[in-house]
Every structure is written in structure tokens, then in C-alpha cells.
Amino acid sequence: MKSPAASPSMIGREPDLEMLREQLAESSAGVPRAVVLGGEAGIGKTRLLDEFRAEASRSALVLTGRSVDLGADGAPYAPFTGILRQLADEIGIEALLDAAGPSRGVLTVLLPELGSIEGMPARTGVERLYELVTVLLENVSRESQLVILIEDIHWADAATLELVRFLIRMLAGGKILIVLSYRSDEVLRGHPLRSYLPELERTRRVVRWELGRLDRSQVAAQCEQILGCPADAATVDRVYQLSEGVPFFVEELIGIDHLGTGDDLPETLRELLLARYERLSEPTQHVLRLISAGGGCVDHELLAAVFTGTPEELDAAAREAVIANVLTTDDNEYSFRHALVREAIHADLLPGERARFHTRYAEALEAGRGGPRSASEISYHWMAAHDVGRAFVTALEAMEEARVSYAYGAAAAMGERAIELWDRVAEAEQLAGRSRVELLAQTASALRNAGESDRALSMVNVAIAEGPDASGARYARLLRDKAQYLANLSRPGSAQLLQQALELLPDDSDDELRAQLLGELASRLMLEARYDEAIETATLAYEKARMGGATERMSIAATVRGVARVGHGEIAGGLADLDQARTLAGDDGGSLLRYFVNASDVLNLLGRYDDAIALAQEGAEQARERGVERTSGVMLSSNTVEPLLAAGRLDTAEALLDPALALDPPPGFRVHLQRMKLWLTLWRGDPAQADELLRGWRSGMIVQAELEMQSRLGFARVAAETAFAQGDLQRAWSDAGAITSATRRRMPAYDLPLLGIAARILVELAKVDPTIDSAGEEQRLRAVLADLADWPTAAEWRAVVEAELSGDRHDGSSVAAWDAASLAVDVGTAPAHLRPYTRFRLAQALAAQGDRAEAEDAARIARCDAERLGLGLITRWIDDFAAHAGLELDDDPVRRSRGELDPTRLTDRELQVLALIEQGLSNRQIGEQLYISAKTASVHVSSILRKVGASSRTEAVYRAAHSMH
């Protein structure tokens, strides 16, 4: 039922509706899309979505989730709970469970009513919840295109926003369109959406769209639709002036007594919003005030429970409000047609009225009226009713409810509320069942898990200040927590706090806590390359865990000890420890995945690249079977990036990098991925882009470098290589200087590549800077090199460093040295880029001694190898060298016939692009599939056309197909 004062059809929104249609069409091709629809209150977002919903429903399954204005107390994941209930109604519970896959048990987080279904695996973390929703939607979309509408995300809880972010980033496919709406005038300074929306916008599959105001002619057209005849100019002018082109205000203004003139229009926004409300009967106004206290969207059963009149009186009042176009109905719910009206009515409640209404809601919700409700919603009503005692108890219940639902932001908010109320509640410790210090620690933990480690650190500091004086297991746990938060923030001090906690533990303390502290301390020592201490501490952790029968902790301790022993040079013993760690892990997902991450990394450091790739892929498969393919699985897959780069499989590595970075991993892992991204960007041939990325990431990478020796040495290498490629020798030498720093600890796998670039920079810098002590610096580099002789990959790197420093003038000019280096790196343990690099340097040495034919031959082979691997930086160096030296590098047909040279061969990435061209995808769609930009996709397409000799994409597919047969 609609009031005559509502526009029969939309005005001025055709371009906006067409944009939604276009995104729906794109998503129908199996490429997930997302639209973020913004606009001020009253601009017409809901009306636009209603129109789009009606259209889209003809070809797609449309599911709607709404956020309700309950401040910080909204039920975690409320929009997704609504969406999944609608989905269950549409396809049935059995089909829903089948679509959920191996993690179906986690559905009980969002649909508690499923808790009684048998055979469901236990919930194991927020990553499974995110994975569950992603897999479920993808599976359903294979049968039916999905449109997911989530309205009013400015009111959404943090857990909902995180799940939305994950979905948009990690949907691998499926005919899915996600549409989010928000009120732009609500997103003020400090609002979570201020940083959230720009981050979403950077995702290539997202379109951000703002609805504009109507112009005067559109306002006139809207007035004519409402009135049924053209409005006079004075009325249009007055309505346009007061509404400022906001459609909702136009409806409210022109709907007042169906004005045909501009007289008696309200002068204030409050008067305008309450104009219809005040024309209604008192019983209807009473019901509207009651609904406004419920959050603006109230279930009929719940409303009946809090309404003190008869059912007939409630129906009559609701009917009058709907006819007046103040309320709308949807199944069993009543909602205000516009949130602004609800806000105005709620603000108009008298204090006593407000307290009575919220008390009724809290009591009705506690009695289970209106279906499943969250404890946070009940706590909200008790707070609004000023019942401090009940608000305190329900806040603690809501905190636990949110924690087991992995909604850590909501858990932290409820914990903070309970802390705030603590001193206002009699016998708070008895009611809470815990001390204030324990509540502070639990809230700090929730904050950390919600990604707010700064606030978690501040809160645990308060707990430490209020805790016992440096004694007891409880105080040790607080120190452990602080150590974890410092590590999360990439700040120093974790190891010292863990050592202090161990010293404070009483002799009769439980072995489980001691084993945990020892295990965490061993990990910190291992990352700092303090291998002797790490091995000793991990051994103690292993023994304590064994005494307590904790095989999972034994596995973790064995993993840490294995890594430390390998780093210390006890390679056989370290690998044996890692094998034992896998056996001890059994089916425990956490310790098993930790083994896969560390063991695959160790194999990579030892130069066993194929083994490292295979082991990390096996770990990723284990993650997939556990339903965490897009979280832990992505991390494990990305652990193959470094060995893939070393093995020369740059395209495959590149396809794994961006999805892993998009997950916003922990600082240590993020810095590792950033290093790989920098290295790949640089050696692909874009030093300027690598330098730009480095400027943005440098500060964070340096912070992590202060905590982890591998980060320090790894950063020094890629920063020095980037600066060298940019021609900034002073900056390059400054970064490379970490290899001879007094604070460096020995890490051969990281030291050796850094020595290689340091030697190259030293030689070039000595040519232009006579003040540098090149002889002394060379001596220091050679001393480090001699100390690394026992590492499995030392021989090939030693040959490179010796060649860089070779020649009578120590300028890298010895042909014999570069010839030896080329032979030395032609082994499986040498990174693939060293093969074309050493041949290029051999060509330079040959040219310098006047052997042009041999130089051309070496440069030609180096260039072909570099192009085949996709190493654009080396290709550019060779081309510049050849042009400067006057060398001719045209391909030799004899060599080509023998297969030694094949510059027309498509790279792995080009083969991927070709397959997507064959599917008819545009450059933008290719970019989205491969996590590259449309511009990069265009470059690959152009390269394919050139290599196969085609003038069109269709011809390229044809020629490539025939050339492969």
C-alpha cells in the first residue's frame, strides 16, 4: 500500500539503474562483481535497490541483508544471517549444507538453529567462517546467478564488514554480484568506513557509485507524478529550494496536504520529518514510538510482545502507518520507510517512555519472543533502559557469544562496556565470575584478534598495572599476552617479556603454560637468528610438552628446533626434527600447517626448490581439505612464491602473490610477500615501479627488519638491487652494507644473495667514488663469504661473487671468472636468474677484451634465456649493452633450428592470457582473473600478437593453436 505522496516511479535514476544492470550482466559471465552505492539520507538508495531487485529477480536469485541502527550493539554478521536464511528458504536446508562443503559445521555460527544437525565438524576459527560463506555462494551460483544486497553498511558491525571484504577479494569465480549501500553523510571522521571504502575501491572488481541530487526539472517531474498533474512554478521553486533535490524530501514536502501551492511548508528538517507522523492518530503514533525504540525494523511477534494493547489495536495502528507511507512491511517485519523518520521519532521520546520501551524489548528478547536474538541486542536495550546491572551481565554474555562466533570486534566492544560499568555494579566480580584484571586481559585478547593490537597493548598494560606484583602464573600470562601484542605490532621486547614470564612462574606451575612460553620464546629467538639459544629453548619446550602429553606443542617445538638447527648448520638433524614435527602434528590443523610453512621454507633455503614447491602445495591441499583454502591455504600457496621465482617460474609465482597480499597477512609474512613482489617487479623489468613500491613499504619493512634477521637481510638485498637498477649507487651501497654490519647474525641463505649484489655495487661505486675504501670493503665481503662455505648453495654464489670482484683491477672483467660462474650456476640449486645474468656479464667481459663474436654469442643466448624466463631487467641490460658496444644480436637460424634459441616461445603467463582470450574475455576481465592490471594484460596480449604474427585476437588464437600441433 502506498500513499499518494510517494513517487509512482523513479525520477532521474536511469543512469544509476543502467550501471547496476551492466554489473549484473558482467557477473553473469562468471566474473564476480561488486558495487558500493553511496548517497546522503533520502537520496533514493533504497528505492533504486527496490527497482533493481525487482528487475534482477527475473534472472537471478536476489538475497538481501540489512544492518539495523543499534549503535555498537548490532548482532554480529546479522546481514549474512538474514541472507543465509533466505537462501535456505529458496533452495532447502539439504542443498544449503551440500553447497557449504567440508566446513558446513560452521554454519551454526550464522544459523544457530542448525546446531542440532548431526555429523557436523567442529568450528575452528574465523578463517573457516569466511571460507564457508565464500564456498557456499560460489557453489550456489553455479546453478543460479546470485545478487547479494547488503543495505546500510554504515550501521554494520565490524565482523560483517570483514566478511564482506574477504568475499569481495577472495571469490574465485561464480555468477555473483554484491551490492552494498551506505549513507555518505554518516561516514564522518573516525567512522570505520572512512578507510574501509577506499580499500574496497582499490579492488578491481569493485565499482563505487555515488547517487546525486535531482535538478529542478527532475524535481518538477517528481512533483507532477505525486500530484497527478503539473505543479505550478512557485510550488516547484519552493520544494526545490527546501529539498535541495533530495527525492525523499520532495515527497515529504509535496505530500503535505497534497499542496498545490508553496504555502505552509515546514521550515526545519525536524518539522518535515515529523509532519506525516503528527497527522496520524495517537494510538498509531504510540506504536511508531515503540517501533523506533526497537531499532527501526521489528518482528511482528516481538512488537506484539512489547505492545500493551490488543492485537486488533496493534493491527489498526500498523495499517494506518503503512497507508500513510510511514511504515513498510516485509514478511513478518515492520520497518520505517526512511531511517531519518525513525531517528526523529526516537529522538522525540520522553525519558520515562524511552526507559519503559527499552525495558519491554529487553524482557521480551530474553523470553525468546521474535525468534533468535543476540545477547548484544539485549544488552543494548538494558543500557538504553538505564538498568546497569542487567546491562553488565548481558554485556558479558554478548562478549562470549561474539567470541565463539569469531566476531572479535563485537566481543571487544562488549568487554569494554562491562569494564566501563564495573565500578557502577555491586559485587561485579561475583556477577562476572572473573576479576577485573581477567576481564581486561580477555578484552585485550579480543581487540588483538579484531586487528586492534595497539588498543590491545594499551589494555593489557592496564591489566599489568592492576595485576599482582611480579609473581604468579596469572601475571606471567599477562606478560605473555603483551609479548604477543608487541610481536603483532612489529615492536621489540617480546623475547625479554617471555623470559621474564618464565622467571616469574612458580616451580609448581602447570607444564602447559611453561611449554607455551618456552615455545613462543624459541620462535622469537629463531627469528632473531639466535640459533644456539633457540635450539636450547625449543628442546626445553619439547620436554615440557612431552611431560604434559601435549603432542601438538611437541610438534611446534620440534618445528622451531628443526629450523634453528638447519640455520645453525646442523642440516641433517634439523630435517630430522622437521620430519618428527610432521608425525607429531597428526591431524591437528594448526601444528600441521605450521610444519608445512616452515619445512617448505627450509627446503627453499637449501636450494631444493622443486621439493619446497611440492611440500607447500601439499600443505595447501591439506588447508583445502580443512576448509581454509583461501586463508591458510593462500598463505601456504604463497610460500611457494620464493622457490617458484628461484626455479624461474615467474608467471606462476606472480599469480599467487597478489591474492596473498590482499588477505592483509601478519606483518612478518606480509613483509616477506612484499619482498617477493618488489623482486618480481624489478626483475620483470620495471625498476621505477619497484622503487615506487619500495618507498611506500620501506618504513614497515624496516620495522620488521629490527625484529627478524631474515627480514633485515632480505630487505637489504631487494632494496640494494632496486637502487642499483635505478642508478643510485650510494643508496644501493648503504642498503647492501647490512652484510658487514656488526649487528648482523649469520643466515647463509640470505647472506649469499646479498653478498652477490654488494660485490657488484662495490665495483661500480669504486669507479665513480675515489673516496671509498674498496680494498677494505672487498676484504670484509670476502671474510663473510669464507664464513659461509659450508652452506649447500655457497659454491654457485661464491663463483658469482668472485667473478664480480675479478680482474686485475678488481672490476669484474675476468672472462675466465665469468665463464666459471656460468658453469657454477648451471645447477638445480642456483636461482634461475643467475644463468642469463652470468652469461650477460660474460658477454661484457668478452667485449671488453675485444672478442666481439664470442660476446655476441654469449649475449644472444643470455637474452633468449632471459626473455624465456620473463626477466625483462636482464633483457634491457643486454639490449643497452649491445647498443653501446655495437653488437648484433639477431637470432641465429641454425641455433633456432636446434632449439637453443626460441624468442617466439610464449611464456607461462602468455599461455594463461591466451587461454582467456580464447574464452572471449576483455583485457579488464583477464586482469581480474589473473590478479594483474588491465594495462599489464594489454601488454601480454600485444606480446602474444607479435610473437605469433597475428593482427587480431581471434587470429592469435588460431595461429597459436596450429603452431602447437
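Reader: Which helix holds both tryptophan 679 and tryptophan 683?

Author: That's helix H35 (residues 667-684), where the two sit 4 residues apart, about one turn of the helix. Helices here are DSSP runs (H or I, at least four residues), numbered from the N terminus. Keep in mind that this is a predicted model, where local features need pLDDT of at least 70, side-chain atom pairs count only at pLDDT 80 or more, and totals for chains, interfaces and linings use all residues. Residues are numbered from 1 along each chain as its sequence is written, and side-chain values use heavy atoms, with hydrogens and water left out.

Reader: Why is the pair of tryptophan 679 and tryptophan 683 called stacked?

Author: Rings of Phe, Tyr and Trp (its six-membered ring) pair if their centres lie within 6.5 Å; planes under 30 degrees apart count as stacked, over 60 as edge-to-face and the rest as tilted. These two have centres 5.5 Å apart and planes at 25 degrees, so the pair is stacked.

Reader: What makes tryptophan 679 buried?

Author: Buried means under 20% relative accessible area, exposed over 50%, partly exposed in between (1.4 Å probe, protein chains only). Tryptophan 679 has 7%, so buried is the word. Tryptophan 683, at 5%, counts as buried too.

Reader: Which residues do ring pairs link into a cluster with Trp679 and Trp683?

Author: Phe724, Trp818, Tyr837, Phe840, Trp877 and Phe881.
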